[in-house]
Amino acid sequence: MAAMFGGSLLVGLWLMLGALGSMRAAAAIGGPFHLEDQQGISVTEAALKVRPTILFFGFTHCPDICPTTLFEISEMLRALGPDADRLNTWFVSVDPERDTRAVMAEYLTGFDPHIRGLTGTPDELKSLLQGYKVYARKVPLAAGDYTVDHTASVYLMNREGTFVSSFNLKRPLQAAVADLRRFF
């Protein structure tokens, strides 16, 4: 009987430590940063503590995933209507060499105007990518060009600036909108 109780206690302790480890892993996403949007306005992690935030990491020369995801985000923002003003929506560059403020500004004209493009120096972006656990690697192509392999998740942060989850855009639009409204 004592052995069963001891074993149950150990299993319970192991499960609790695993849950705490998962919570720490989620809490470990984020951190301080300083970038600029496409109009030259400074953006820091303090802006995360104002309203819920959607972050998507990508680059303007991406041939398919990035424009598709930004289109899906634009559709979601359109469906939110006036509530879209209650959400930070950021497209964060993983390609600071090409994604200048001017390039970001031009690129984002094809998407919902609520989406702000964030960029910075390679060191500023490297620090941010590490803090958000985003993979990004430059891959050479023919004729000296390159692409960037990168994490293609959409991050949802609550109004306290804490990572909530990866945000699933591949579901019915109204379900995504309803999910976001829970955080307003």
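Asp-83 and Arg-86 form a salt bridge (a side-chain nitrogen of Lys or Arg within 4 Å of a carboxyl oxygen of Asp or Glu), with their closest N and O atoms 3.4 Å apart. The model is predicted, so local features need pLDDT of at least 70 and side-chain atom pairs count only at pLDDT 80 or more, while totals for chains, interfaces and linings use all residues. Residues are numbered from 1 along each chain as its sequence is written, and side-chain values use heavy atoms, leaving out hydrogens and water.

Asp-83 is buried, at 18% relative accessible area, and Arg-86 is partly exposed at 40%; buried means under 20% relative accessible area, exposed over 50% and partly exposed in between, with a 1.4 Å probe and protein chains only. Arg-181 joins Asp-83 and Arg-86 in a network of salt bridges.

The structure holds 12 salt bridges. Another of them pairs Asp-95 with Arg-98 at 2.6 Å, N to O; Asp-95 is buried at 2%, as is Arg-98 at 16%. Lys-138 and Glu-97 also form a salt bridge, at 3.0 Å between the closest N and O atoms. Because Lys-138 lies in strand 6 and Glu-97 in the loop between strand 4 and helix 3 (101-108), this pair ties together parts 41 residues apart in sequence. Helices (H or I, at least four residues) and strands (E, at least two) are DSSP runs numbered from the N terminus.

In helix 4 (residues 122-131), the buried residues are Leu-125, Leu-128, Leu-129 and Gly-131. Seen down the helix axis, they fall within an arc of 160° and so line one face, the arc being that of the directions from the axis to the C-beta atoms. On the other side, Pro-122, Asp-123, Lys-126 and Gln-130 are exposed.
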